Amino acid sequence: MAHTARSAASRVFLVLLAAALVLGVLVAVFLVIDAQRAIRAEAERVTSATAISLANSPVVTSALAAGDQASATRVLEPYAMSIVEDAGLDFITVMTTEGVRITHPDVEQIGRRYLGTIPAAAEPLTEVFTGTLGPSVRTIEPVIGDDGELLGWVAAGVTIESISETVIRRIPLSLAITAGLVVFGALGAWIARRITRRIAGDLPPGQVRDAVSSYESIRTLGDALRAQTHEHGNRMHTAVALLELGRSAEAIEILTETSRQSQSLVDQVTARRHGDPAVGALLLGKASQAKERGIDWRVRIEPDTPRSPLSAVDSVSVLGNLVDNALDAAAEAEDRWVSVTLSPSTDGGIIVEVSDSGPGVPSELAERIFASGFSTKPAGADGRGVGLALVRAVVDDAGGTVTLSTHPTTFRVVLPRADRPRGRR
């Protein structure tokens with residue numbers, strides 16, 4: 001079964017939908033990671049605050065100061081367990097200075113040594129340690145008597161399992177946010193698809209580019225031919241007026257000069273072994289445009305320039321857009337000129353160079369000018385942001401290159417041999 005290319009509208013939809021899905025997944029991952037970080041930070045804050053509060057509690061200090069561990073356990077165990085429940089912690093361990101547990105959620109662990117780091121100095125410490133309840137975030141705080149003597153330690157902790165359970169409870173919210181983003185993204189992709197289909201129909205991207213190229217080709221060739229017709233009309237009117245005034249010699253001179261200028265370019269075009277009538281017509285018309293705008297028009301076509309690998313439409317579109325930009329740039333200069341050169345490349349391809357005397361392109365814009373939608377022309381200019389992007393697209397599709405150099409501003413297009421296999425559009 002023959003492969004049917006997807007339309008440009010369908011590709012826009014799929015690309016935007018994929019972007020929405022990727023964005024949704026990234027947001028979900030970020031929300032989960034951020035929730036985990038926030039919950040852990042909250043666990044550190046709560047364990048630290050609880051440990052400090054207990055370490056300064058008169059109940060704890062008096063029980064440890066008495067020096068009777070059994071009595072201290074009877075007093076502090078229920079006290080610690082009530083705080084564990086109220087504060088949402090997993091354990092509170094009160095211990096002696098040597099780390100012997102006086103309280104613990106598991107009564108069998110009372111009297112055994114605390115599993116965790118006991119600071120060498122009487123200072124607080126927050127850490128992650130694996131104890132009898134598993135890995136936990138815990139804070140240990142010294143209990144200091146009225147005389148400044150170390151009486152023992154208080155450790156408060158939250159297990160990593162509890163933190164993970166809290167994160168899991170927040171996952172549905174993250175998934176809901178992700179689903180909302182994906183839905184809005186899909187809606188945006190659907191709207192973009194409708195807009196693209198309204199503009200491009202069901203044409204695949206290659207045909208859309210061809211349609212744009214055809215439009216640009218017709219536009220630039222039409223402008224050139226209109227200028228040529230206008231110039232010839234002016235010359236004919238002038239010649240007729242001179243004839244009516246009886247100044248036939250001057251009328252003949254005007255008509256002869258017109259024929260001479262046109263014939264010079266026609267001779268260059270026809271001297272090629274593989275002439276391109278569309279390109280020849282374009283250059284003739286652009287010569288008239290240049291003359292109307294007071295721009296010196298220079299064309300050099302090497303006789304052995306080979307046939308272009310581009311179609312007539314693409315050839316006119318590429319050369320026409322480059323010449324239009326050059327004419328616009330040269331019109332801003334005092335010394336106004338535009339030069340077009342067609343010559344063979346060393347590998348049998350064709351080189352097209354279009355130079356102008358304009359102010360040039362800033363170095364920071366050397367690549368951006370080829371981006372679709374970018375233009376240095378004022379808003380509303382005809383074809384804004386399409387010309388150079390289309391030139392690069394056509395040239396790249398043909399396997400060629402387009403480069404920009406300065407002093408003077410020169411766009412150089414190198415195209416391969418016409419018989420070289422081309423990539424699929």
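How many bridges pair strand β7 with strand β9, and is the sense parallel or antiparallel? I will start there. Strand β7, residues 350-356, and strand β9, residues 409-415, pair over seven bridges, and the sense is antiparallel.

Before going on, a word on confidence. This is a predicted model. The average pLDDT of the protein chain is 76, and 73% of the residues score at least 70. Over residues 378-385 the pLDDT stays under 50. For that stretch the model has 11 contacts beyond four places in sequence.

Back to the sheet that holds β7 and β9. Five strands form an open sheet, in the order β5-β6-β7-β9-β8, and the pairing is mixed. At the edges are β5, residues 296-301, and β8, residues 401-405, each of which pairs on one side only. On average, neighbouring strands of this sheet are turned by 10° against each other, direction ignored.

Two helices go with this sheet. Helix α8, residues 312-330, lies across β5, β6, β7 and β9. For reference, β6 covers 337-344. The helix runs at about 20° to β7. Helix α9, residues 387-397, lies across β8 and β9, and its angle to β8 is about 135°.

Now the loop between β8 and β9, where H407 is found and where P408 also has its place. The peptide bond joining H407 and P408 is cis, with omega at about -5°. H407 also has a phi near 55°, which is a positive value in a residue other than glycine. Anyone setting up torsion checks will meet both entries at H407.

Next, the other sheet. What is the strand order in the open sheet of four strands? The order is β1-β4-β3-β2, with antiparallel pairing. β1, residues 91-95, and β2, residues 125-131, stand at the edges with a single partner strand each, so one side of each is left without a neighbour in the sheet. From one strand to the next, the twist averages 30°.

Within this sheet, β1 pairs with β4, residues 150-159, in the antiparallel sense over five bridges. A pair to look at is M95, which stands opposite W153 in β4. One helix belongs in this part of the picture: α2, residues 58-65, lies across β1, β3 and β4. Here β3 is 134-144, and the helix runs at about 130° to β4.

Last, the empty space. Rolling a probe the size of a water molecule over the atoms shows where empty space is left. How many cavities of 30 Å³ or more does the structure hold? The structure holds one. The space in the largest cavity is about 80 Å³.

Which residues line the largest cavity? They are F91, T93, R101, H104, Y114, L115, G131, T132, L133 and R138. By class, that lining has four nonpolar, four polar and two charged residues. The lining residues include F91 and T93, and β1 covers 91-95. G131 is in the lining too, and β2 covers 125-131. R138 is also in the lining, with β3 covering 134-144.

That is the tour.

Notes
Residues numbered from 1 in each chain as written. Predicted model: local features only at pLDDT ≥ 70, side-chain atom pairs only at ≥ 80, totals over all residues. Heavy atoms only, no water. 1 Å grid on protein atoms, 1.4 Å probe; cavity = no way out; pocket = protein on both sides within 12 Å on 5 of 7 lines; lining within 4 Å. Points joined across faces, edges and corners; volume = space filled by probe spheres on them. Nonpolar A, V, L, I, M, F, W, Y, C, P; charged D, E, K, R; others polar. pLDDT = per-residue confidence, 0-100. Contact = heavy atoms within 4.5 Å. Pairing = 2+ DSSP bridges. Axes fitted to C-alpha atoms, helices over the stretch in contact; angles between N-to-C directions.
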